[in-house]
Amino acid sequence: MAAVLAVFIAAIALSSFLAGPRLAAKQFSFPYKQAGLTERQAAAQLLNRFTYGATPGEIDEVVNTGLEKWFEQQLEANNPDDSLKQMLSQYDAINLTNAQVETLYPRGGTVLRLAVKDGVINRDSVKTDKKEYRDQIKAYMDKNGMKPQQELFRQFINQKILRAAYSKNQLQEVLTSFWFNHFNVSMTKNDCAGYIPAYERDVIRPNVLGKFDHLLLATAKSPAMLYYLDNFQSSGPMDPAQNKRYAKFIENQAPNMMADSTSPQAKFVKQAQKLRKAQGLNENYAREVMELHTLGVDGGYTQSDVTQAARVLTGWTVYPLEDRGGLGTFGRKVANAYGENNLKNIGFVHEGDFLFNMNKHDKGEKTVLGHHFTNTGYQEGVDLLEMLAHNPATAKFITKKIAVRFVNDAPPQSLLNKMSASFTEHDGDIKQVLITMVTSPEFWSKNALREKTKSPFELAISSIRSLNASVMYPFALNLWVTRMGEKMYSYQAPTGFPDRGQYWINTGALLNRMNFGLALATQRIPGVKFDLAALNNHHEPESPEAGLAIYGKLMMPERDLNATIAKLTPMLNDPDLIKKVDDAAGKATPAQPADMSSNDMMMADNPKLAKAKVNKGGKNGGADKLMYAMQSGPGNNSMLSQVVGILIGSPEYQRR
């Protein structure tokens with residue numbers, strides 16, 4: 001019996017070890033009472049900061065669960081998400097590997113190259129008849145099982161909207177957006193665009209509640225980042241031995257490989273020769289990993305440190321990906337023929353889509369921030385990133401950015417000191433930094449309540465959650481988010497979107513937000529459904545003024561809305577409010593237009609729109625016409641709809 005008991009205890013211990021570290025139950029408590037907050041007000045603060053907005057009744061759920069226990073569950077990110085998984089099951093592209101994306105959703109240049117090679121298209125037809133060219137390209141893609149990249153991006157953006165709106169693990173989704181923005185890559189750069197879905201799925205989301213150095217290393221090795229900041233092509237000078245080996249390779253192999261000048265082998269040799277001549281150091285990633293990812297612009301590094309760090313990171317590149325008979329396919333064949341073990345023995349490192357190419361690595365001595373790096377190949381880069389991740393300047397820079405996101409635009413130094421110390425003490429453990437922040441009195445002070453401005457994406461998602469809405473066609477929401485100034489995954493600069501209220505709010509932005517609120521509340525946005533009466537247990541307000549008070553409390557719980565109601569009341573009985581707001585928005589700062597491909601994405605999202613008569617509105621093709629239809633359609637112009645639209649567009653609702 002004792003032996004059986006010992007085995008049982010050992011099994012429990014082993015399972016606990018394999019499960020990884022967990023937070024003990026209620027290790028911490030929240031000092032919200034010191035700030036004069038009730039438990040319900042504190043629950044509202046948690047939901048404003050760590051979710052995309054409270055759903056109806058969610059404050060009660062948090063109070064009943066216990067504030068600390070609810071937060072602990074969010075930190076663990078293990079809440080069941082079965083209904084969300086069912087929603088996402090319709091999107092077959094969001095789980096593809098980068099190699100599968102290259103095959104199924106090739107870039108336009110790849111499709112053209114293949115079509116020309118197969119004799120289907122004459123390059124001159126692009127100039128002479130663009131419609132004929134587009135039709136030929138589409139037919140060629142259909143025949144060969146290829147799909148346009150817009151379809152990949154549509155599914156990717158749709159899943160983002162659905163995750164934000166419906167995930168039970170809200171903190172994980174909020175942090176996924178935060179860390180993606182911190183380690184920004186952009187769809188505006190074609191070379192990396194197709195790799196962004198896997199970047200968010202495999203690199204960002206799994207690491208948002210882990211150790212910072214793990215997240216930093218994962219981003220540095222991802223194809224999306226390697227292409228976005230050009231480190232994939234950064235190389236050091238070839239040493240004499242390499243030059244001899246390369247010359248011998250060309251001498252022995254080139255005649256056979258160049259026999260057919262149009263073959264992938266011949267193109268591989270030409271490309272290799274071209275790259276060899278053009279090879280050199282690229283400092284883009286080294287600069288941004290210091291300035292934006294770790295130390296910060298005032299982190300104490302010099303231009304010399306940037307150059308030396310770039311030398312350390314030479315050879316960090318992308319393993320050749322299958323690309324339908326192109327250079328990637330042939331490059332992979334060469335690597336496979338040489339053998340994984342042989343590559344490893346000469347210093348190459350292959351992990352997933354990442355490749356450390358020893359032949360491109362600068363083997364000289366380097367010094368970064370006073371730390372000397374010798375010729376240890378791949379490990380040099382790992383050591384550099386670990387050194388940056390554990391630098392005191394990084395602790396200050398990262399924790400301030402977290403505080404700005406979750407507290408206010410100018411967090412107090414007393415809080416920053418505690419968070420920076422926690423980052424250092426706990427080896428960059430993001431969970432522990434968040435716990436330090438939320439258990440500090442500064443988090444609960446009046447200066448932190450409702451002091452953040454919602455981004456357009458946050459406004460759209462919080463509105464969906466406030467109304468308990470069902471979203472069947474998410475891409476329509478994306479058009480509105482873009483119109484309000486936030487084109488998802490397309491911020492071109494590596495800084496990511498600024499996280500401060502003044503960036504998002506101006507006269508034009510407020511009018512577009514009011515426009516959005518009215519379009520949503522009057523159910524002019526296709527595929528978004530909700531029951532306003534059900535939110536108030538099907539009790540009809542006696543007047544617009546009563547509706548404003550009732551629904552204000554439902555949508556912005558635990559807030560003093562007296563001033564807001566006084567400002568909004570004059571708008572209640574204006575039958576032309578929607579037209580006036582739309583006209584004023586058009587005269588103010590122009591909203592960011594959706595691109596032409598948004599039309600195709602929207603039609604793919606909601607096939608019924610393909611039959612609709614969308615003939616008016618704007619000069620930007622289908623996307624603007626769809627926006628016009630959403631704003632000017634019949635909708636539901638009831639008193640209650642206008643009340644809710646005004647609330648969504650109100651300045652108070654923009655705050656979280």
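**Exercise 1. Determine how α18 and α19 are oriented relative to each other.**

Step 1. Two packed helices are described by the angle between their axes and the distance between the axes. Helix α18 covers residues 284-293 and helix α19 residues 303-312; they pack at an angle of about 125°, and their axes are 8 Å apart. Axes are lines fitted to C-alpha atoms, for helices over the stretch in contact, and angles run from 0 to 180 degrees between N-to-C directions. Helices (H or I, at least four residues) and strands (E, at least two) are DSSP runs, numbered from the N terminus.

Step 2. Angles under 35 degrees count as roughly parallel, over 145 as roughly antiparallel, 65 to 115 as roughly perpendicular and the rest as oblique. The two helices α18 and α19 are therefore oblique to each other.

Step 3. The crossing of α18 and α19 is right-handed. A crossing is left-handed if the near helix is turned anticlockwise from the far one by less than a right angle, and right-handed if clockwise.

Step 4. On the α18 side, A286, R287 and M290 meet Q303, D305, V306, A309 and A310 of α19; contact means heavy atoms within 4.5 Å. By class, this contact of α18 with α19 has five nonpolar, one polar and two charged residues. Ala, Val, Leu, Ile, Met, Phe, Trp, Tyr, Cys and Pro count as nonpolar, Asp, Glu, Lys and Arg as charged, and the others, Gly among them, as polar.

The model is predicted: local features need pLDDT of at least 70, side-chain atom pairs count only at pLDDT 80 or more, and totals for chains, interfaces and linings use all residues. Residues are numbered from 1 along each chain as its sequence is written, and side-chain values use heavy atoms, with hydrogens and water left out.

**Exercise 2. Classify the aromatic pairs F28 with F71 and F356 with Y378.**

Step 1. The structure holds 29 aromatic pairs. Rings of Phe, Tyr and Trp (its six-membered ring) pair if their centres lie within 6.5 Å; planes under 30 degrees apart count as stacked, over 60 as edge-to-face and the rest as tilted.

Step 2. The ring centres of F28 and F71 are 6.2 Å apart and the planes stand at 80°, so this pair is edge-to-face. F28 lies in the loop between α1 (2-19) and α2 (39-50), and F71 in helix α4 (residues 67-76), so the pair ties together parts that are 43 residues apart in sequence. Both F28 and F71 are buried; buried means under 20% relative accessible area, exposed over 50%, partly exposed in between (1.4 Å probe, protein chains only).

Step 3. For F356 and Y378, the ring centres are 6.1 Å apart and the planes are at 55°, so the pair is tilted. F356 lies in strand β3 (residues 354-356) and Y378 in helix α22 (residues 378-389), so parts that are 22 residues apart in sequence are tied together. F356 has a relative accessible area of 0% and is buried, and Y378, at 13% relative accessibility, also counts as buried.

**Exercise 3. Locate L369 and N537 and state whether each is buried, partly exposed or exposed.**

Step 1. L369 lies in the loop between β4 (366-368) and β5 (371-373). Although L369 is not a glycine, it has a positive phi of about 55°. At 29% relative accessibility, L369 counts as partly exposed.

Step 2. N537 lies in the loop between α31 (532-535) and α32 (544-555). Its phi is near 55°, a positive value in a residue other than glycine. With a relative accessible area of 59%, N537 is exposed.

**Exercise 4. Describe the surroundings of Y503.**

Step 1. Y503 is placed in helix α29 (residues 501-504) and, at 31% relative accessibility, counts as partly exposed.

Step 2. Not counting residues up to four places away in sequence, Y503 touches Y491, F497 and P498.
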